[in-house]
Amino acid sequence: PAAPPPASVEEAVERLRADYAGTGDDPRAYFLTGKMDAALYAEDCEFADPFVSFRGRRRFEENLQNLAGGFITDSSTRVLESTLSGDVAGGDPPTYTT
């Protein structure tokens with residue numbers, strides 16, 4: 001990854017939000033461009049949703065490149081809600097959901 005890992009949960013959430021916002025040149029979210037802040041994810045992280053689950057940042061980057069490579073050509077997206085939860089002091093890891 002080009003950037004260092006985030007130093008705090010707050011920084012991680014800020015950087016995730018930036019990935020969803022895109023850039024001035026291309027305002028599409030990271031999952032439509034393939035351009036992501038890879039340092040937000042551990043090498044052995046797990047990605048899961050109701051349809052699929054897989055492990056590894058490299059696999060995630062490859063999957064994003066496949067989507068951005070032409071699978072999705074026209075889109076309109078917006079984040080409807082995002083939440084940060086978890087009790088780190090109580091032993092629960094933070095969870096950011098969009």
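These are my notebook entries on a predicted model of a single chain.

**Entry 1: the overall layout**

I began with the secondary structure. The chain comes to three helices and four strands, and I read their order along the sequence as α-α-β-β-α-β-β. Next I looked up burial. Of the 98 residues in the chain, 26% are buried. I also checked how far apart in sequence the touching residues are. Among contacts with a separation of 6 or more, 37% are between residues 24 or more positions apart.

**Entry 2: the largest pocket**

How much space lies in the largest pocket? I noted about 1,000 Å³. The pocket is lined by 29 residues, and those closest to its centre are Tyr20, Tyr30, Tyr41, Phe47 and Phe60.

I then asked which elements supply the lining. At least two residues each come from α1 (9-21), α2 (30-33), β1 (46-48), α3 (57-71) and β4 (95-97). Which of them gives the most? That is α1, with five residues.

By class, I wrote down 23 nonpolar, four polar and two charged residues for the lining.

On to the charged side chains. As a reminder to myself, side chains of opposite charge can pair when their charged atoms come close. The structure holds six salt bridges, and I followed up some of them.

Arg15 pairs with Asp37, and their closest N and O atoms are 2.6 Å apart. Arg15 sits in helix α1 and Asp37 in the loop between α2 and β1, so this pair ties together parts that are 22 residues apart in sequence.

Are these two partners buried or exposed? Arg15 has a relative accessible area of 13%, so I put it down as buried. Asp37 comes out at 14%, so it is buried too.

Leaving out residues up to four places away in sequence, Asp37 touches Ala3, Arg15 and Asp19. The salt bridging also goes beyond the pair: Glu11, Arg15 and Asp37 are linked in a network.

**Entry 3: Arg57 and Glu43**

Here I looked at a salt bridge between Arg57 and Glu43, with the closest N and O atoms 2.0 Å apart. Arg57 belongs to helix α3, while Glu43 is in the loop between α2 and β1, so the pair ties together parts that are 14 residues apart in sequence.

The two ends of this bridge got separate notes on accessibility. Arg57 has 9% relative accessibility, so it counts as buried. Glu43 has 54%, so it counts as exposed. I checked Glu43 against the cut-off, since exposed means over 50%.

**Entry 4: Glu62 and Arg58**

Glu62 and Arg58 form a salt bridge, with the closest N and O atoms 3.4 Å apart. Both residues lie in helix α3, four residues apart, which is about one turn of the helix.

How accessible are Glu62 and Arg58? Glu62 is partly exposed at 40% relative accessibility. Arg58 is exposed, at 63%.

**Entry 5: around Leu84**

Last, I turned to strand β3 (residues 83-85), where Leu84 is found. Leu84 has a relative accessible area of 48%, so I noted it as partly exposed. That value falls in the band between the cut-offs, where buried is under 20% and exposed is over 50%.

What is the C-alpha to C-alpha distance from Leu84 to Thr95? I got 5.7 Å, for two residues that are eleven apart in sequence.

Ten residues separate Pro94 and Leu84 along the chain, and their C-alpha atoms are 6.8 Å apart. Pro94 is partly exposed, at 36% relative accessibility.

Methods. Residues numbered from 1 in each chain as written. Predicted model: local features only at pLDDT ≥ 70, side-chain atom pairs only at ≥ 80, totals over all residues. Heavy atoms only, no water. 1 Å grid on protein atoms, 1.4 Å probe; cavity = no way out; pocket = protein on both sides within 12 Å on 5 of 7 lines; lining within 4 Å. Points joined across faces, edges and corners; volume = space filled by probe spheres on them. Nonpolar A, V, L, I, M, F, W, Y, C, P; charged D, E, K, R; others polar. Buried < 20%, exposed > 50% of the residue type's maximum accessible area, 1.4 Å probe, protein only. Salt bridge = Lys/Arg side-chain N within 4 Å of Asp/Glu carboxyl O. Contact = heavy atoms within 4.5 Å.
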